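Okay, everyone, let's get going.

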Amino acid sequence: MATGFFTDTTLCIGCKACEVACKQWNQLPADGYAFSGNSYDNTMALGGTTWRHVAFVEQPAPLDAPPSESKWLMVSDVCKHCTHAGCLEACPTGAIVRNEFDSVYVQPDVCNGCGYCVPSCPFGVIDMIEHADYTRPSFPSDGRTDDDALQRHGGVAGKCTLCYDRQKVGFTPACAKACPTDSIEFGEVEELKARARTRVATLRARGVDARLYGIDEDNSIGDLNAFFLLTDRPATYNLPERPVLPSTHQPAAYGSAALAALALGAIGCLVFRASAP
Amino acid sequence: MSDALDLRALSPDAANRGASSGDDTFPTYYEQPLLKRPHWGWEVVTYLFVGGIAGGSGMLIALADRTAGEDAALARNARYLSLALAAASPVILIKHLGRPERFHHMLRVVKFKSPMSMGVWGLIAFSAASSRAALAQAARDGLVPGWLAFLGPRWFTNPAQALVGAFLAGYTGVLISATAIPLWAKGKRHIPAASVCSGFGAACAANAALLALRNEASDSQRKLERVELVAGLAELAILLDFRRSAGALGAPMFDGARGRKLTNATLLGGIVLPALLNVLPFHPRWKTIATSALTLFGGYALRESFIEAGKTSADDPRAAFRQPE
Amino acid sequence: MATKRTFDLGALLGRARDGLRLDERVGPLPNLASQRTERLVARTERGRPVVSLCGYCAVGCSTLAYVDGDGKLLDVEGNPDSPVSAGRLCPKGSAIFGLTVNERRWTRAKYRAPFATEWEEKPLDWVLTRIAERVKETREQTFVRTTPEGKRVNHTLGIASLGGATFGIEENYLLGKLMHGLGVVSIENQARI
Amino acid sequence: MPGLGTSFGRGGATTFVQDLQNADCILIEGSNFAECHPVAFRFVMKAKERGATVIHVDPRFTRTSAVADLYAPIRSGSDIVFLGALVNWVLTNERYFRDYVVAYTNASSLVREDFADTEDLDGIFSGWQAGETQAYDTATWAFELEEVPRFDGNGTVKVVKRDPTLQHPRCVLNVLRRHFARYTPEMVERVCGTSRDTFERICTLLADNSGRERTTAFAYAVGWTQHTVGVQYIRTAAILQMLLGNIGRPGGGIMALRGHADIQGATDIATLYDLLPGYLPMPSVHRDEQTLAAYLKANTKATGWWSNTPKYMVSLLKAFYGEAARAENDFAYEYLPQLTGDHSTLPTQVAMRDGLVRGFFVIGQNPMGSGMNNELGRAALAKLEWMVNVDSYETDTAAFWKAEGVDPSTVGTECFFIPTAALLEKNGTMTNTNRMLQWHDKALEPAGESKSDLWLIYDLGKRLRALYADSDDPKDRALLDLTWDYEHDDARERRRGEPSALKVLQEINGYRVEPGKHQDACEQVGGFTELAADGTTASGGWIYSGVCPDKTTNKARNRKADDWTSLGWGYSWPSNRRILYNRASADPAGKPWSERKKYVWWDAQTQTWTGVDVPDFPLGKAPDAAAKPGADGLDAHSGADPFIMQLDGRAQIFVAAGLKDGPLPTHYEPVESVVPNVLYAQQHNPTLREWRRRDNPLNGAVNPDFPYVLTTYRLTEHSGIMTRYVPWLAELQPALFVEIDPELAVAKNIRNGEWMTVRTAIGEIEGRALVSGRMRPLRLGRGQRVHQVGVPYNFGASGLIPGDSVGDLVPLVMEPNVSIQESKTMTCDVRPGRRAARTGSAINAAVPPADRAFEGQPTTRGLERKE
């Protein structure tokens, strides 16, 4: 059964419970204490040790417009668990697998940190976890966690697991469970899609410019198991307008390499000839 | 100030406030990168470079053996060289892994969809062929018992080294092209071809230099110089066409300081200058060695600018919003 | 789902791990699940849930604290049964684990002598004995039986107590009882702040 | 809160958070609901999904505004004008729920002839005593009485005179009309800076969503309480909800959102200087409550629920002093200390500064982080002989002696730190924001040497009683005669010295006293109706009585929820009621106002009140039961008087007694304001209290040196000490920031993300600038431009993300009724760059010559007539 997330940004209050619930369950360290000055967003992006990230987009109304026209968009971003996943295709060790819940899962004990998945993600989700993060003082449980958690830290790639371990025992993923306003909904993907389509209709009827991101779109990635309901263009939320599956570039790339090799080979044959006796 | 005043315009980071306007002017998210930059450093650059030479040498062996012993010295050197480089490659590769002790995990799977996986298997195949070829060569050279020669019959090792070598020289270009990094993806028709040419050219240079150093087979040196000239000019043409077709996406590679470095080290220093020197009628040893050095350096610089420009390209959200199809 | 992948090559190769999707049309060899992946299970399985509360704001979200056999805290999350929170928690509530298990938490009694420049660790019993003595001493010095006008007050203004909103009802009750017993009247908590 | 208490009878939220989902409209004001109570906010979102309209009125466009249907900016400190104008609009457009108002409020009561309104006296009510007292004589704030025959026929009795037609010029409704007549939409524009059409949209929405078929809910938090007129803010909202008929009904009410986990419990079972458990007042020399008789006389009402005071007080004394409390010794009433003044937080801080306090217990609190005038505060702590800190982390307070600029070797305070168990490491009960008691089980053993607060208090009690054991001094009997035996039944816990929280809760619930028998062996009382005034029962907190009706039942531990009122989850005082005054959800005849808003109603068959909640009314008292003039307690009320705590059983639009600053809310500017009071000559609340002394300087009114409005708030990611040490939270909001609008930023050359400094007369703090269009400059009357500056209250010197604390900006001034500081609206100046280093000089400075009264009491600000 394919499970995933439907993140409805119109219900998000930007509380960041998802970010903390995720770090708590996965025992991920804090990424540092830098003040960004970018609205209420200080984690700024998904990363090797930040698997949920809440983005804040301020669209204040001009002073001569009614204050209610001000907008403050919030979205909880996460790994998209693509139908065709760039990271999974790129992984040379088979560390990245598709599990029985159709989620894209990084096996931390297999990953050897080659880093090829990082540039292979068209959403900029997966990233390397620097070595020995868990020894950082900011690691809350100061090492007192199970090996599973420690496994993840150091020289391997990290991203949302869609709480594979929780799903195995029938638990809801930590972020979706914590979400106070049901902005993050977890469930069977096809069911979520149906719900999402109805939701969009409802919102449109209420005059909200709602649109779905990640399903019912024609691109090489295919549907996303973690998809979104947005009220502005994707770029506003730092999402690619038209993501492309990297492996689609391979035929052309191999082709050009082969062509060059053949050409050079031919030239070589012309040059390297037994001189006439 | 008047009430008509738009607070967004006043806001210090107005652009970042996510105003959704005209189609091509993307509202970036506080100028944050959309993509993650690769964590690759000099190890990977060196690996791409060395792989190129090894692969190119593999191709040269087959060519050299076509001439009934005229280029025997070249073939011999190339066999030893390709083995040496093939042996060095995994070491460099392992060095850059986050968990080097897990290098062997690369051998858990064979993935046609993963150039990295293909490359590893290619490298293994090439190493196998090269070691047999080198062993046989050593037998013929009397360095080891002669009967060992049967392990590396030329009818097997030559085509193997040539084919896998060509792959080795080219897949690294495929590897970076088949990513989400706008510059690399944009260069999917150029980067692999350029890699092959550059690798082949570098192999010619390396072998020419070896011959020159050992002061032997000057005919072979001339042949190598001719082939290198062609490879160089092809590489030049490909890069110029890449620059043209890449347009704005090519900026990280072709503009600014990095662009100048590419022009000087690779285009001029690594291709044009050696070409000019090569066409000169006289051929002193130092010239061969010098042109070879220039070509090799140019080749390294090219790989470096691929990787470094890729990182910059990854940091440009506007480029990433529109990923090359 | 079926439409997504035409066939399961891994299964064909007889390498399928139960349930785990092995191939992603990536090559002749399947993606293999490691033993860890196969054994992977939520760590809460190693413990039992205890019903507790969130101690931050006053909404009163019920929590489940999972504790293993050695009494080690494994995880704290929302209690789905609660009519108030239905398993939800805000960021603070979600961080209860980090508040409870934290290397910066002070779990030893400390003492700072007058004019000292640092804290020093002292046995808890010593500290409590000393506190009791100081309380008695101050009470003796500042206890007022009657006001200048001759009205009985039986109180001391020499001791004050602040706190209550962050701990339990029973603790508030007992604190009030003890303080009134001592004649302390300046008993306050955050409710007024 | 007296705001709710005087209006409806009980000082708690009138509804519960789950009920918000039934509202047709929700007005959130004085609260950043979504950020400060995200999980409760889910019910607001549910209501919104069901089509309800969510309105947010706030100085800042917050995360709450972001999801609200309608956002209205307002100048911090002007809410009474906004709400008063709503009242005025409802009255002038005749949009109030007449049937409800006539039957359930005191709108028809006639006010005394000699009562004079602020409209007549330009900002003060009749009864003002200038000079020494500087307070109101509230005698004229009363109702006109008439003589009626007693119910039992012998003699007559005085009752409040009413005019149900609401025609009489002196009936409360008409007094109210006159009082708010000048609170117009234009006035809102001029004083609050809220545009007229935004305001009128809100008026229409509230009116359209109230009445028989629909209900509107209000939600507020400390955004309303932390003002010198805080209580009157809530009063205005209460009046509005009475007029709209939204109290006691599903989807209606006033939701008071409390900040701390047990802040409601710490008020019910009070650790507050002026309250005993169950809202029984502390004996005070000022009320001359020297004897129990005098105390009971002063605090027992003839009619309404408070006629039961003697039962509750005597039971409390029995719970405290056990055998030693006997009828012949007034149940040891004399053991109780007496109040001689205001001993609340702020006066105590000042007394401490002046060397009048020697020892200080700080338990799970951090005044140097969440307090006011920290400079004075640190100096106060330095004056102490000893301080005990009970916490899990080093707080700013515990570390005051090494604060910036302070030289520890000059600080003589002896400091103790006792590590306390975390919530997971102990069991016990906490009362949530809607009065619901919830028991939490113990999950872990306390880390290291940590002990529960209960252990600590119990142990300290034992040690002190031991120290005094051989004393025969009568003053020590109060300590030695305390019942102090809560030994745990579990052997392991008993060995650790951990007392039984359950036994304490059982004592709070109360038991039947049996001479010579230990309370553990006594039978529990089933509820407060079983308490007696003759010493046969003991109860440590009558309003919680019923939570442990027998030794084996603990209703706070009930965990059977359902999809609606969930009476099976926890225990909600009083008597497990979820919506208070729910008799008002039915019409006077006992039928629901509408099918849609059905909640509690009279069942003619069974002759009882029934419904989905515990009726807040005598179960068998028929709707048509007539009031019995002269009868005791509830008998004096009719079957249609839902507000059983009140004298007349009705909600009080006009509050005759119980408030120090007026029977009706009046707009006064904050102590620190950027504008003069345009409504009255009286600039400030005349009864507010402040300290005029060198170490507590005020910006004062309309001070050109401090041209900007300063407001404070809290972030969803932080509380304070409890979050600044947690990496996962610290990284989400890693620095103190200051929110300003782009216009101000440009004018002051302050750049987003860079350092800036905020200054008041009290001090300076530095933070990172967060320039945002969410902050809107307001345009008040005569085109005056007002910029508001926002600073979160969550930061301080201790923790992973050290920074300045807002407490260094806030002056000491007090609301007269509840002694709350004014930290929600002040004035300030801002500049780019960092502040000057602190010298800590105040700590060693001599005590300033304070014009302080007896025991460091605050002086009351006199009338300031401006020309």
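So, β3(A) is the element that gives the most to the lining of the second largest pocket, with 4 residues. This is a predicted model, so keep that in mind: local features need pLDDT of at least 70, side-chain atom pairs count only at pLDDT 80 or more, totals for chains, interfaces and linings use all residues, and side-chain values use heavy atoms, with hydrogens and water left out. For finding your way around, residues are numbered from 1 along each chain as its sequence is written, and chains are lettered from A and ligands numbered from 1 in the order in which they are written.

Back to that pocket. Its volume is about 760 Å³. There are 29 lining residues, and A:T10, A:V208, D:K48, D:A66 and D:A68 are the closest to the centre. At least two lining residues each come from β3 (71-78) and α7 (189-205) of chain A, and from α3 (38-49) and α4 (63-67) of chain D. Helices here are DSSP runs (H or I, at least four residues), as are strands (E, at least two), numbered from the N terminus. By class, the pocket lining has 13 nonpolar, 9 polar and 7 charged residues. For the classes, Ala, Val, Leu, Ile, Met, Phe, Trp, Tyr, Cys and Pro are nonpolar, Asp, Glu, Lys and Arg are charged, and the others, Gly among them, are polar.

Next, the largest cavity, with a volume of about 180 Å³. On a 1 Å grid over the protein atoms alone, a cavity is a set of points where a 1.4 Å probe fits but cannot get out, while a pocket is an open set with protein on both sides within 12 Å along at least five of seven lines; lining residues have an atom within 4 Å of a point. Points are joined across faces, edges and corners, and the volume is the space filled by probe spheres set on them. Of the 18 residues lining the cavity, C:L162, D:T345, D:Q349, D:F360 and D:P367 are closest to its centre. Which element has the largest share of that lining? It's α15(D), with 4 residues. The lining splits into 10 nonpolar, 7 polar and 1 charged.

β7 of chain C is among the elements that supply at least two residues to that cavity lining.

Now helix packing. The axes of α6 (residues 169-182) of chain C and α18 (residues 453-467) of chain D come within 9 Å and cross at roughly 20°. Axes are lines fitted to C-alpha atoms, for helices over the stretch in contact, with angles from 0 to 180 degrees between N-to-C directions. So α6(C) and α18(D) are roughly parallel (under 35 degrees; over 145 is roughly antiparallel, 65 to 115 roughly perpendicular, the rest oblique). By class, their contact (heavy atoms within 4.5 Å) has 9 nonpolar, 1 polar and 3 charged residues.

In chain D, α13 (residues 292-299) and α14 (residues 309-321) pack at about 140°, axes 10 Å apart, which makes α13(D) oblique to α14(D). That contact has 7 nonpolar, 2 polar and no charged residues.

Last one: the peptide bond from D:W573 to D:P574 is cis, with omega near -10°. You'll find D:P574 in the loop between β19 (571-572) and β20 (600-603) of chain D.
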